[in-house]
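User: I would like to learn how to read the features of a structure step by step. Could we begin with the strands and how they pair?

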Amino acid sequence: MKGSVGSSIPHDSAHLHVSGEASYTDDIAEPRDLLHLAIGMSERAHARIKSIDLQPVRSAVGVVDVILVDDIPGENNCGPVVHDDPIFAPNRVQYVGQSIFAVAAETVDAARKAARLAIVDYEDMDAVLDPLEAVEKKSFVLPSETLTRGDSRSALKVAQNRLQGRVHLGGQDQFYLEGQIAMALPRDDGDLFIFSSTQHPGELQTLVAAATGKQAKDVVVECRRMGGAFGGKESQPALIACIAALMTQRTGRACKLRLDRDDDMRLTGKRHDFIIDYDVGFDDDGNIGAVEFVFASRCGMSADLSGAINDRTMFHCDNAYYLPNLNVISHRCKTNTVSNTAFRGFGGPQGMFAIECVIDDVARCLGIDALDVRRRNFYGVGERDITPYGQKVEDNIIAELVEQLHASSDYLSRVAEIRSFNAQNEVLKRGIALTPIKFGISFTATHLNQAGALLHIYTDGTVHLNHGGTEMGQGLFTKVAQVVAEELQIDIDQIKITASDTSKVPNASATAASSGSDLNGKAAQAAARKIKGRLSRFAAEHFGVAEAEVVFKRNEVLVGDNAMPFKELVRLAWFARTSLSATGFYKTPKIHYDRETFSGRPFYYYTYGAAVAEVVIDTLTGENRLLRVDILHDCGQSLNPAIDKGQIEGGFIQGAGWLTTEELWWNERGELKTHAPSTYKIPTSSDVPIDFRVDILESAANREETVFRSKAVGEPPLMLALSVYHALKDAVASTASDGQAVLLQAPATPESVLNAVRALQCTDTTDHA
């Protein structure tokens, strides 16, 4: 049977991707009289708008109309949680790039040129551009939060050893290949149809309806596929779609808004950058007795999804380690920069980065291998297994997974060889690190852990599949189709995968939190089982056998001693007036979470992994190269090993980019100056290590009843790249005597590496003077 669960079949659109035939939003045939839109953006970080002259815009060649805040018939908001993110700035701008107005023209070029002609008179106001300044001024988008376990103050006072430190962790642009885009079409009676590149059609439907003064029933949103998203198309597409919808409503014509790369990077949110302070107490063997963290994250000018993102940072600052005494303070800083948003890992990577820095510093202080410190602090099995938020770690496999990778990567002998290499080379220095991950799977907002699906079987035995998930290249549609193929025991090429559509499956959660397959796979499975049950009952009655004697197997149905093609049973059932259409619904069991106390079981299960990275640096320039990577990752019983391995490889490389090359930089006026590939460097094929070994953990079925006992794989692999950062630290550390703290800021660009080398060598010289 083709495409059954567990088979490594290609992505359903792979042949379209490589041939250039895959249709994205901008490829959809444009309707007659389509208008193209552009956004007029703020040139100030924080200012009052004293006046705005749009006459030059209106009189520009090809311009049809212009809209501002006063032209919005409904709510001036595109914020997904807190209604604090205006579609158009009302009278005050709060970051460079904020939307002030939109222009509609006959061509893309005419719209973009006209948008630059507005004459805006600003009255500048004080701007907060740095998280530390925001903390000092108590400038927050949401109240600061605290998570506490035990008595960290007392434990720190009596600890054998104590360290404090501060580390700067940069943000990251999603840099999806397909930029933000929406096309709005007018429909009968003022209704709207929206094509959007979005991870969350349902939320976009709600916000468009609110902005246009309509109801959800009046708006349909469709998305067949996205050209990448990585969290950047969860909340951000709402602004684009709202503007397109508002202009369509005003003009009665179809409207398309597509951002170019520069505007996309200026206008849309990114991964939160953090300043992290820590205070850790530990004994002479590296056992951690207490940790205190203070996280200050740049949220930007509005809340967006920063509440849940920073919550997840707090939930993941333990990573795979039992911390008996912990205090975490999380500041959600309001700055006059673009509102930061979801990005693969959703705050988890920043929390895990923090504790891994602590582990590494503890090890260097004691003069022992960081892997030994990691092992000593791992969560236990049957003991030391309660997280700081009160969830019991019931599926812990981190110790055995790390042991397996430790052996397969030949870690010990490589460490010795690297130490020998470094002793013989003054300029080039190599480093190695093994880091683990434990990542919680589920939306922390419990109500979002639900999904729906719609399934039709036609009289020829073919199947129409729809569900609330969205496809952004991660292979979700393929995996869900495999689930249906397995349930019905038919070839996957008999299943038509269809676009995400709010008129087919309503109220769907975002495809995020690595939950796409877990939720939508289970919903589609439920729908398939409904119809399969009807077919079984029909066959039993029609042929006079027990229902248990009806077995679906390899495109056939066995009824007692007889066999017939699946499509023949379907045809007979239709003649007997059996319903061949069903909806499916799923809600994640067991989870519960009290946001007020930061306690409960926010995650259905955990996924685990580990990576060994080996690097080399040039101590004269800071240039560096990733030489070899060994990964062992837990996917449960993989639905599709080929797709999962691709996610592991891609996630790792994206994480390596975050921690090494992708630097966001704002000048003193709050202008983002790294807003194009000329200045913002994502990894390329040459950054992938020549020796790249990726394995999926065998025989590790999920202990929870997920779809076919699989595990999520979208986000967790990104955090495996923490090994690259710590391997770079290891290489830097080799330039001085043991026991020195390495101050390597992230991203560890060549400049950052060189600064760390120089700082370490200066400290070492001073200590030995």
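Analyst: Two strands pair if DSSP finds at least two bridges between them. Helices (H or I, at least four residues) and strands (E, at least two) are themselves DSSP runs, numbered from the N terminus. The model here is predicted, so local features need pLDDT of at least 70 and side-chain atom pairs count only at pLDDT 80 or more, while totals for chains, interfaces and linings use all residues. Residues are numbered from 1 along each chain as its sequence is written, and side-chain values use heavy atoms, with hydrogens and water left out.

User: How many residues of S18 are buried?

Analyst: Buried means under 20% relative accessible area, exposed over 50%, and partly exposed in between (1.4 Å probe, protein chains only). In strand S18 (residues 463–467), five of its five residues are buried. Val463, Leu465 and His467 point one way, whereas His464 and Asn466 point the other way.

User: What do S22 and S23 form?

Analyst: They form a hairpin with two residues between them, and Gly560 in its turn has a positive phi of about 60°. Strand S22 (residues 556–559) pairs with strand S23 (residues 562–565) in the antiparallel sense over four bridges. Glu556 has Pro565 of S23 as its bridge partner.

User: In what order do the three strands of the open sheet lie?

Analyst: The order is S4-S2-S6, with antiparallel pairing. Strand S4 (92–93) and strand S6 (119–124) are the edges, each pairing on one side only. Two bridges link strand S2 (residues 47–53) to S4, and Arg92 in S4 is the bridge partner of Arg48.

User: How much area do domain 2 and domain 3 bury between them?

Analyst: The size of an interface is often given as the accessible area lost when the parts come together. Buried area is the accessible area (1.4 Å probe) that two parts lose on being put together, summed over both. Domain 2 and domain 3 bury about 1,500 Å² between them, 60% of it on carbon and sulfur atoms. On the domain 2 side, Phe443, Val707 and Phe708 lose the most area to domain 3, together 38% of what that side buries. Contact means heavy atoms within 4.5 Å, and 22 residues of domain 2 are in contact with 21 residues of domain 3.

User: Which residues have the most contacts inside the largest nonpolar core?

Analyst: A nonpolar core is a set of buried Ala, Val, Leu, Ile, Met, Phe, Trp, Tyr and Cys residues joined through side-chain atoms within 4.5 Å. The largest one has 147 residues, and Phe293, Phe353 and Phe652 have the most contacts inside it. Helix H15 (residues 516–543) gives the largest share, 10 residues. The core lies between domain 2 (274–444 + 595–768) and domain 3 (450–587) because both give residues to it. Apart from it lies another core, of 40 residues, among them Tyr95 and Val219.

User: With which residues is Phe652 in contact?

Analyst: Leaving aside its neighbours within four places in sequence, Phe652 is in contact with residues including Ala611, Leu626, Phe692, Pro717 and Val724.

User: Is Ala115 buried or exposed?

Analyst: Ala115 counts as buried because its relative accessibility is 10%. Its place is in helix H3 (residues 108–115). Leaving aside neighbours within four places in sequence, Ala115 is in contact with Ala38, Ile39, Gly40, Phe101 and Val103. By contrast, Ala546 counts as partly exposed, at 39% relative accessibility; Ala546 is found in the loop between H15 and strand S21 (550–553).

How values were computed. Domain bounds come from an automatic or database domain assignment.
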